[in-house]
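Welcome! Try each task yourself before reading on.

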Amino acid sequence: MQGNSAASAVNTNPLLSDSWFRSQLYGLDRTADDFPRVRQGELADLLASNAGLQQFAQPVIKKLAQKLAEKQSVVILSDATGLVLNTFGDMQSMEKAQRFALAPGNLWSECGRGTNAIGTALAIDDGCEIEGQQHFLTLNQGLYCAAMPLQMPNGQIAGVLDISGPAHFPHPQTFQWVKAAAKQIEYLWVKQSLHPQQWLMSLHVEPHGIDTSDELLLVFSDNVLTAANRLAMRELALTAEQLGTLTFQQLFAQLEQQANTIPLPIHFAQQRFYFRLRAPHRTHFATPSEPAADLPFSLGRDGEKWYA
């Protein structure tokens with residue numbers, strides 16, 4: 001894409017034209033090459049404060065990086081401001097300036113670097129891909145980038161997953177890989193953060209979709225909705241502000257909050273889903289002189305293990 005064709009593509013794509021307009025409002029110089037970056041000591045603190053994001057993202061990212069081994073691309077994990085925390089893959093395939101720009105510590109916010117996949121994904125809270133001259137800053141126009149925000153179980157944005165590579169190299173499946181990996185990370189984050197005392201509701205339009213990364217996940221503490229994955233929040237039109245306040249009965253007035261092992265049909269927002277509801281896992285103990293049923297004690301909190 002060169003010259004007028006680049007401008008035409010931006011003008012005919014609402015996502016790009018809106019992002020370029022915002023970039024102009026930020027007062028960015030398109031020829032700038034002094035990119036925002038944090039000092040090494042600050043980066044160490046930021047890595048520590050984003051330990052949860054890295055814990056759930058890195059196993060998926062490492063597999064994604066292996067898939068990209070021959071694609072001249074790297075996988076990037078940023079925090080919620082667009083600051084690069086980790087870069088995985090073959091950095092040697094990048095030009096020297098690109099290697100520096102994509103290294104941990106660099107800030108890829110839209111207000112700092114104009115239209116780019118990480119910053120623009122954060123700005124629109126959705127996935128996007130930015131190719132070559134679609135980047136606002138000319139120094140970034142040798143890159144192709146595809147990114148997807150990563151959502152925590154509490155509905156807040158934790159960071160961004162991004163794949164970046166040379167713009168001249170073909171990237172036909174890259175955006176789909178990013179979206180699939182982000183969905184897997186969010187799925188694992190909800191399931192592996194589940195506490196033994198919580199209810200887990202799984203929903204899908206097909207019964208066989210239960211127990212896959214395509215299922216909608218809702219977590220209830222007693223009867224209050226406290227966590228969900230992005231798929232559930234999008235499909236059921238939920239907001240982060242509703243987590244911690246909305247009850248099971250408000251969501252599913254026609255259902256009783258009872259566990260079921262076989263997926264059952266339910267209608268929600270004029271669509272049929274199949275759902276499974278798993279009850280909290282509790283253990284009962286007893287003293288030698290009293291029956292177990294008289295002394296119920298629930299298990300302590302355990303954020304690392306998942307109980308069926």
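**Exercise 1.** With which residue does arginine 276 form a salt bridge?

Before starting, note that this is a predicted model, where local features need pLDDT of at least 70, side-chain atom pairs count only at pLDDT 80 or more, and totals for chains, interfaces and linings use all residues. Residues are numbered from 1 along each chain as its sequence is written, and side-chain values use heavy atoms, with hydrogens and water left out.

*Solution.* 
- Step 1: Apply the rule for a salt bridge: a side-chain nitrogen of Lys or Arg within 4 Å of a carboxyl oxygen of Asp or Glu.
- Step 2: The partner is aspartate 211, with the closest N and O atoms 2.7 Å apart.
- Step 3: Arginine 276 lies in strand 10 (residues 271-278) and aspartate 211 in the loop between strand 6 and strand 7, so the pair ties together parts 65 residues apart in sequence. Helices (H or I, at least four residues) and strands (E, at least two) are DSSP runs, numbered from the N terminus.
- Step 4: Arginine 276 counts as buried at 9% relative accessibility, while aspartate 211 is partly exposed at 38%. Buried means under 20% relative accessible area, exposed over 50%, and partly exposed in between (1.4 Å probe, protein chains only).
- Step 5: Salt bridges with shared partners join Lys191, Asp211, Glu215, Arg276 and Arg278 into one network.

**Exercise 2.** In what order do the strands of the open sheet of five strands lie?

*Solution.* 
- Step 1: The order is 2-1-5-4-3, with antiparallel pairing. Two strands pair if DSSP finds at least two bridges between them.
- Step 2: Strand 2 and strand 3 (128-131) are the edges, each pairing on one side only.
- Step 3: Look at one pair: strand 3 and strand 4 (residues 143-151) run antiparallel and are joined by four bridges.
- Step 4: Within this region, glutamate 131 stands opposite tyrosine 144 in strand 4.

**Exercise 3.** Is asparagine 86 buried or exposed, and which side chain makes a polar contact with its side chain?

*Solution.* 
- Step 1: Find asparagine 86 in strand 2 (residues 84-89).
- Step 2: Asparagine 86 is buried, because its relative accessible area is 13%.
- Step 3: Its side chain makes a polar contact with the side chain of glutamine 54, at 3.4 Å. A polar contact is a pair of N or O atoms within 3.5 Å; within protein, one must be able to donate a hydrogen and the other to accept it, and residues adjacent in sequence count only if both atoms are side-chain atoms.
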